[in-house]
Amino acid sequence: MRLIVTAMKNEGAVSLEWAAHHLAIGFDRFLVYTNDCEDGTDAIWRRLAELGYGAQVDNDDIRARGVQKTALMRADDHPLVADAEWLACLDVDEFVNVKHGEGRLDDLFSAVPDADMIMLCWRRFGAARIARYRDAPVTEQFRRAAPEVCPYPFHNYGFKSLWRRGAGWRRIGVHRPLDPDPARVESLRVFTAEGRAAPAYRDKGLWLGPASAGYGGAQLNHYALGSAESFLLKCARGLPNSKVTDLDLGYWAERNFNQVEETSIQRRIPAMRAKLAELKSDPELARLHDEAVAWRRAKIDALLSEREPLQLFLRLISTETAAQLPMDADALNRLIARSWEMERAARKG
């Protein structure tokens, strides 16, 4: 069994596409920890669990290390993890993009047959001048990404991983398995997705930098921003881990890479869409998805009625350098007028 472990909050509108893509490439189950959901994300994953796609767990009583790491500590003892042959810890904005063969996990495993762990390096995808949120597949909308050589910021060369559960690691980590058996660490077989051997790790520093970067064989498409409106929701939700990172204009600027067109995942869209249609053929899932989309639209509208989120939105779209506006000019002018009114009211107050 091939299992994805993750934590989510208010990601119902994008959950089915993400699930459909990964089921279509060969994952079998999902172990999803949810907390404080207002949009029905927890209900979507409960329904998927009822249909045989894994398990949903309420991630309450968050510990000091944050939402995500609390979930992973709990996942270590879950029966699905014990039964898994291969594991990955992925976020809902990360899509495994296999380039070997037909783009399935089987093709990756055939190309790298001796691996205990396979590194999947991030490929950052920018907002592609898309300002408005719409209910359409992320992998279809966002086709602009960072170039292959992009050393700054350093986290461009970050990665996630696929690993064999029985290879000797004792704990699930955000980016890689943790706590290897000391007696087996030197024999662990770690490879890049294109089949280059990598050394057994000692610390995080070994895994960051040009030596670990590479998109041959597979990459992890990382849609960290989405549209400008979707980014407002991310700011309102906050990050799921304990790292102190401000979700602001600086976060956007360091991740809004649109230098090259990157369409390698497009060949998987027909299979993803077929699986998505299959999931939505369940009336309950279809209803829950539509409700999550409506919640997201209403939440965005509410944020754009507040002074600080509206100012951030206008700054986000003003960072685009192309002459063409990233949204309808009339809609943009209405938002600018609203912002001016808010500024005048704030000064008077």
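Begin by selecting Trp18, Phe30 and Trp45, which ring pairs link into a cluster. Rings of Phe, Tyr and Trp (its six-membered ring) pair if their centres lie within 6.5 Å; planes under 30 degrees apart count as stacked, over 60 as edge-to-face and the rest as tilted. The structure holds eight aromatic pairs.

Before continuing, note that this is a predicted model, in which local features need pLDDT of at least 70, side-chain atom pairs count only at pLDDT 80 or more, and totals for chains, interfaces and linings use all residues. Residues are numbered from 1 along each chain as its sequence is written, and side-chain values use heavy atoms, with hydrogens and water left out.

Next, select Phe231 and Tyr251, a stacked aromatic pair with 5.9 Å from centre to centre and 25 degrees between the planes. Phe231 belongs to helix α7 and Tyr251 to helix α8 (residues 249-253), so the pair ties together parts that are 20 residues apart in sequence. Helices (H or I, at least four residues) and strands (E, at least two) are DSSP runs, numbered from the N terminus. Both Phe231 and Tyr251 are buried, a term for under 20% relative accessible area, with exposed over 50% and partly exposed in between (1.4 Å probe, protein chains only).

A charge sits over a ring if NZ of Lys or CZ of Arg is within 6 Å of the ring centre and within 35 degrees of the ring normal. For another example, select Arg123, over the face of Tyr215 at 4.6 Å from the ring centre.

Move to Ser227, in the loop between β13 (218-222) and α7 (228-237). Is Ser227 buried or exposed? Its relative accessibility is 2%, so Ser227 counts as buried. Leaving aside neighbours within four places in sequence, Ser227 is in contact (heavy atoms within 4.5 Å) with residues including Phe142 and Trp252.

Then select Asp93, in the loop between β4 (86-89) and β5 (94-98). The side chain of Asp93 makes a polar contact with that of Lys234 (3.5 Å); such a contact is a pair of N or O atoms within 3.5 Å, and within protein one must be able to donate a hydrogen and the other to accept it, while residues adjacent in sequence count only if both atoms are side-chain atoms.

Finally, show the whole protein chain, which has 12 helices and 14 strands. Buried residues make up 55% of its 349 residues.
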